[in-house]
Amino acid sequence: MPLLEVTNLKKVYTTRFGGASVQALSDVSFSVEQGEYVAIMGESGSGKTTLLNILAALDRPTAGEVRLSGKDMEQIKERDLAAFRRENLGFVFQEFNLLDTFSVEDNILLPLVLQGRTYPQMAGALETIAKRLHISDLLKKYPYEISGGQKQRAAVARALITQPQILLADEPTGALDSKATDGLLQLFEEVNLMGQTILMVTHSVKAASHAGRVLFIKDGQVFHQLYRGGNSCEQFYTRIADSLTVLTTGGGD
Amino acid sequence: MYRRLAWHNLRHNSKFYLPYLFTIMGTAAVFYIMTALASAGDLPAQLRYAYLSMFMTIGVFVVGLFTIIFLFYTNAFLMKRRKKELGLYNVLGMGKAHIGRVLAWETLYIGLAGIVGGIAFGMLFHRLVAMLVYKVIQFSVGFTFYICWSGILATVCLFGAVLLLNLIYNLLTMLRQSPVAMMREGSAGEKEPKTRWLLAILGVLCLGGGYAIALRTKNAIEALSLYFVAVFLVIIGTYCLFTAGSIALLKILKKNKRYYYQTQHFISVSGMLYRMKRNAVGLANICILSTMVLVMISGTLSLYLGTEDIAVRQTPADWVSILRYNPDEGDQPDFAALERRIAETAQSQGLEVTESQSFTGMERTFYVQGDQLQLKPSEQNGILTWDADVSCQFLSAADYTALTGVPVTLKPGELAVCDPEGLLPDQGQLVFNAFVSDPEPGETYTDGGVLDYVVTQRLTEIPNTGGWFPMVGASNVIGENHCCIVVDSFETMLDLFSRIYGAYGHTNNCGYLQWGLFTNLSGSRQEKLDAYLNTFGSFETSPDFTNTGSWEWFSTDSQQQGMAEYYSMNGGFFFLGVFLGILFLMATVLIIYYKQVSEGYEDRQRFQIMQKVGLERQQIRRSINGQLLAVFFLPLLAAAVHVAFDFRLMVQLLQLFCMDNVGLTTLCTLASFSVFTVFYVLVYRVTAKAYYKIVA
Ligand SMILES: Nc1ncnc2c1ncn2[C@@H]1O[C@H](COP(=O)(O)OP(=O)(O)O)[C@@H](O)[C@H]1O
Ligand SMILES: [Mg+2]
């Protein structure tokens, strides 16, 4: 059984006053196996964030089904959603979304606090994750005191500290410079090697070239997919870039 | 182009600039009305008008000072919020000189609209306010409309100057900062506040000091001299505790990891920490303004409502006449003739005497030494000693009963005393020792000997003798070291007076016997007042008191005149209190509004992030609700505590104005607080709505 299974997902946004409705996703189906590292690529406005929000249970689909470990997310009651999210999912955002009222340490601990863990438990988990992500000396600082790359590391730590089944990342490199981007991609690879399932949305070829599989999304549909196979990053990069060229020069219609 | 941009900016930021504009208009209108009333061109120069003018002049200064402070505060707040926008203009290639020009146009628009609108509103409401004032001070002259040019000039100058200074401040802050720094200002994460222990401790000390003063003052004079010290300490303490104290407390909570890392505490402690850092000064402002509003309104209201009481107690009858005489120097007043003369005077004005009552008394200070009451302190080895000095009011048993209705029967040598402090021994001696033991040649001091006395009755009723026994008359409360001594008969009182006269060397230094006459009249209040003013009102029309025997001094007071006087004074206070109270209230509302709206914008983002991280909507809402309530009602709570502590001081200060009806003051304070709380909650509701509209 795949870890994540998405079938015939559809999302239509209707504006409040009945105006034009936007079809962000028309028919998306794919699945992710345990331990996979999947990148989803598409142009701006192609529905990537919409897809990820639905996967993260932050939004409901218009039609279709999302199953996590075989469990249909549609069946989860509204008031259990938040709990489900923090037990099973980790989320990394383009704009970090760290709370400026908390220190880095408290930001990372937030999901555990929400789970109602005791402080000694939290402290242990924090130490492990901080060591793994090399942010032990940032813990006492505040978000405004650290760089973008460091913020994103902290955000990753926050996403991973609950040991989620799947890590969802929405353009995590979008707000980073190239050095920080490299660092983060390397971090994702390391985490993936340790068995963490990752689903990342991006429009950067470079970011996608680190993944094990790349899905291309266009006009609200999965258009194409590439497996890395035995390719190196550079080789995979070229293949992705080629596919994109095909996609943009006429592929659609 | 600059003008268009300026106009666009103001409209775009109307959520912030509209209230600012209203503030300028409101304060300008109030300021204009105050200056117009202070120079009230339509009023004849009269005694009562002098009070009005004085009060309004005070008002002009208070409003002016308040305007300056408050407009600076508001402007600084607005500027802080707008830095990001201005920084963006700068980054987008607009020179600082150009931005400066835009700011200047904005100020011009706001200033013109605010000042012109304010003066227009001022003129519109001038009539209404003037009529209210006249009503409050019971002044019957009608109001004629006039334009107060000096008021307009003063308003334009003051507000123009303040706005210009604000503009200069804004330009300077803009010039000092780089555009990037400016852009960061609006959105940058806040540094976690440091605990400033020194400030927190200072706050506790100041507040404690202020409260201690409020609890320990002994009398009105002390209260007056220490009042502003106490107020100052409490203000400092409030600022320190709101800023440093709250943060220290929250930090302590945060240090306790077991407590802090629990879902409810985690979010609210850090949230409050952040909120207190941003809002502490604003909250302290709200607290202090609220306290001022409450104290001013409850104090002046109870004074105003007590006016009638005060006048009646100070002048218990329509006409109160006092006569001083010294029988040992041969004074022989013809009391019957005096009474007749007063009645004739009333008749000459068409009024009848309905009631008439007289009594005789004297006032004397005694020094208690053991069981002896002495005229002067005893001297031992050149050192004066005494246990207590008591100012005593003497009355005969018959007069006491007539004045209070309490029956007293005494035999010679027996006394009845009203002595709330228990200063007089139950049994002892009155010692009339001569004042000088070795007199100069020609002087004769006679020792009045010693009289044994027994107190057979302890009285509780204080006789109301009118204004002539100063300390009692002033507030009708026997203040510190005062008592009333009732002797068996008029003859005994004459005997005591003779002994004192001798002890004082047969001179008038011993004071006088005092005869009081209460006269009540038929007729309306106005008729009685007119009758008094037509006769006793001036030296020329004063009644002729020849052939009424011989006496030293005679004077008649009118209850109605006293009342008019008190109404014009207390009414002035009341009006000023309410008017300034409303102004401060406006300021409070504006600060609250700004606080809510700006917090709304800040909270919106945090709200969204928390949701993404896995906090339930309801949980967030509950937590934010709790924080909002805490932040909102903290100042009100603190203000309530301040007012509670201030209450004693206020009661004592009111005694200076002869107002000592503690029950009425309590009632007024509670009523003011209740109304204020209702209003406060209303403001909370409205502004919370604005807040949730932004956050949701
Ligand atoms: N809340 C929303 N309401 C209406 N339309 C939306 C909303 N969110 C996204 N859209 C529309 O859906 C489409 C997909 O958006 P999004 O998923 O954000 O794309 P991407 O993340 O790939 O750039 C866009 O056309 C966008 O305008
Ligand atoms: Mg997106």
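## Salt bridges and the chain contact

At 37% relative accessibility, Arg525(B) falls in the partly exposed class. Keep in mind that this is a predicted model. Arg525(B) has a salt-bridge partner, Glu308(B), with N and O 2.3 Å apart, and that pair is a handy way into the rest.

**The Glu308(B)–Arg525(B) pair**

- This one links distant parts of the chain: Glu308(B) belongs to helix H11 (residues 307-314) of chain B and Arg525(B) to helix H16 (residues 525-535) of chain B, 217 residues apart.
- Glu308(B) is partly exposed too, because its relative accessibility comes out at 31%.

**Within helix H11 of chain B**

- Arg313(B) and Asp309(B) also pair up in a salt bridge, at 3.6 Å from N to O.
- Here both partners are in helix H11 of chain B, 4 residues apart, or about one turn of the helix.
- Arg313(B) counts as buried because its relative accessibility is 18%, under the 20% cut-off.
- Asp309(B), at 37%, counts as partly exposed.

**Strand to loop in chain B**

- Arg458(B) and Asp419(B) make a salt bridge whose closest N and O atoms are 3.0 Å apart.
- Arg458(B) sits in strand E9 (residues 450-458) of chain B, while Asp419(B) is in the loop between strand E7 (414-418) and strand E8 (427-431) of chain B, so the bridge ties together parts 39 residues apart in sequence.
- Asp419(B) is buried, with a relative accessible area of 7%, whereas Arg458(B) is partly exposed at 39%.

- Arg275(B), Lys595(B), Glu599(B) and Asp603(B) are joined in a network of salt bridges.
- Over all chains, the whole structure has 18 salt bridges.

**Where chain A meets chain B**

- How many salt bridges run between chain A and chain B? The count is 0.
- On the chain A side, helix H2 (78-88), helix H3 (104-115) and helix H4 (119-132) each bring at least two residues to the contact with chain B.
- H3(A) gives the largest share of that side, 7 residues.
- By type, the chain A residues touching chain B split into 17 nonpolar, 2 polar and 9 charged.
- In total, 28 residues from chain A and 24 residues from chain B take part in the contact.
- The area buried between the two chains is about 2,500 Å², and carbon and sulfur atoms account for 63% of it.

Notes:
Residues numbered from 1 in each chain as written. Chains lettered and ligands numbered in written order. Predicted model: local features only at pLDDT ≥ 70, side-chain atom pairs only at ≥ 80, totals over all residues. Heavy atoms only, no water. Contact = heavy atoms within 4.5 Å. Buried area = accessible area lost by both parts, 1.4 Å probe. Salt bridge = Lys/Arg side-chain N within 4 Å of Asp/Glu carboxyl O. Nonpolar A, V, L, I, M, F, W, Y, C, P; charged D, E, K, R; others polar. Buried < 20%, exposed > 50% of the residue type's maximum accessible area, 1.4 Å probe, protein only.
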